Amino acid sequence: MNHEPVKHGFYVHAITHEAAGIASFEFRPNAGSVAPPIAGAHIDVVLPNGLTRQYSLINAAGETGGYRVAVKRDARSRGGSQFMHEALRVGTPLTVSAPRNNFPLREDARHSAFVAGGIGITPIVSMIERLVALGQSWELVYAVRSRRDAAFLDRLTAGRGRAHVHVDDEVGGAFGVGAHVQNLPANADVYCCGPAPMLDAFLEATAERDQTRVHVERFAAAPLEPRRGTFVVELARSKMSVTVADGESILAALRNAGISAVSSCEEGVCGTCETAVLDGRPDHRDSVLSATERSANASMMICCSGSATERLVLDL
Ligand code: FES
C-alpha cells in the first residue's frame, strides 16, 4: 500500500471515434513490455499539460501490448477530457502508470449483473468480456440518453449474457435503477458505474444486499460533508506525530510537515494514497473502499478521509 505507481513513457498509438463525444485512445510503451491489463482496472495518465487523470481500461481479453481507454468529452472539463480530445495526436508522448484495480471482478460469481450509465460502460466492457471468456453468466443494462451516445455495442452481445440498452429518448425517460435492482437474483454480484445520481440510486437499492457482492466505481468524488475536528496522526515507521487541523486533509498535514506521501486524484477516487491503519478509526470519505473494507478499518485514503478518533496510527 501507498506505493508510488510505476510510471512509464508511452505514446499515443491510435485514436478511434467510439460514439458521440467519446473517443478511445491506445497507448503503447516506448520500449519493453507493460504490466498486463486487468478487467475493471484503471491507469493514471499524466498528460503533457501536467494534469493527471484516471481512466478505466477497455482492453480486449488477451490484448497486452499497451493500454486502451475511452474518454467522453465533458463540457465542464477541468482540462482532462478536453485536452485528450483536442490536443492528443497519434505519436504524442505521455506518461502512464501501471494498472490499479479498485473495481475488481468476482470471476466465480454465480451470476453478475451490471448497470452502466453513459461513459460508465468503460470498465464494464472488459469485465463482461472476461466473464464471456470464462463461460460465466451475466447481464447488463446500459443506459444512455440517445442511441448515438452508446459505445462498444458490438463488444457487449457475445456469450452467455444478456445486454439491454436503455435509450432515454426512445422510451421517454431515464432508466429506473431501483426497480431493476430489486428484481435481480439475491445471490448475484451486482456492479454499477455511471453518473452520481445513478450510483446513489443503486447504492440505496442494494443497501440490504450482501455488501461483499455490491460493487461500484465512481469517476468523480461523492459530495462530502467537510471533515470536522483536530486529530493527531502517528506515523509508526517514521516515529513522528502530525496534528491535522480542522478541515485539513491528512495528506496536506503531512506535506506541511515536510513528509512526502504519494497521491494522484486527491479527491478519493483513484486509490493511490491508500495507507494501512494500525490503530484508531478513520472517518472514511473516499469512493474507493467498499462498505466491507470501510468497516474493517484496515486502510484509508489519506487525501480525503479524516479520523473518528482523536488519534490515528498509520503505517507510514
Ligand atoms: S489520491 Fe486518489 S484516492 Fe487519494
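Reader: In what order do the strands of the open sheet of 5 strands stand?

Author: In this predicted model, local features need pLDDT of at least 70 and side-chain atom pairs pLDDT 80 or more, while totals for chains, interfaces and linings use all residues. Residues are numbered from 1 along each chain as its sequence is written, and side-chain values use heavy atoms, without hydrogens and water. Strands are DSSP runs of E with at least two residues, helices are runs of H or I with at least four, both numbered from the N terminus, and two strands pair if DSSP finds at least two bridges between them. The pairing in this open sheet is mixed, and its 5 strands follow the order S13-S12-S18-S14-S16.

Reader: Which strands stand at the edges of that sheet?

Author: An edge strand here has a single partner strand, so one side of it is left without a neighbour in the sheet. This is the case for S13 (240–244) and S16 (299–301).

Reader: Which residue in S18 does glutamate 234 stand opposite?

Author: Strand S12 (residues 231–235) runs parallel to strand S18 (residues 311–314), and 4 bridges join the two. Opposite glutamate 234 stands, in S18, valine 313.

Reader: Which residue in S11 faces valine 190 from the opposite position?

Author: Strand S10 (residues 189–193) pairs with strand S11 (residues 214–217) in the parallel sense, over 4 bridges. Within S11, the residue opposite valine 190 is valine 214.

Reader: What is the volume of the largest pocket?

Author: A pocket is an open set of points on a 1 Å grid where a 1.4 Å probe fits, with protein on both sides within 12 Å along at least five of seven lines, and its lining residues have an atom within 4 Å of a point. Here the lining counts 50 residues, and among those nearest the centre are Asp74, Arg76 and Phe219. Taken as the space filled by probe spheres set on the points, the volume is about 1,600 Å³.

Reader: Which element gives the most to the lining of the second largest pocket?

Author: This pocket holds about 650 Å³ of space, and among the residues closest to its centre are Val216, Val288 and Ser290. Two elements give two or more residues to its lining, S11 and helix H7 (291–296). With 4 residues, the element that gives the most is H7.

Reader: Between which domains does the second largest pocket lie?

Author: The bounds of the domains come from an automatic or database assignment. Both domains give residues to the lining, so the second largest pocket lies between domain 2 (112–217) and domain 3 (231–314).
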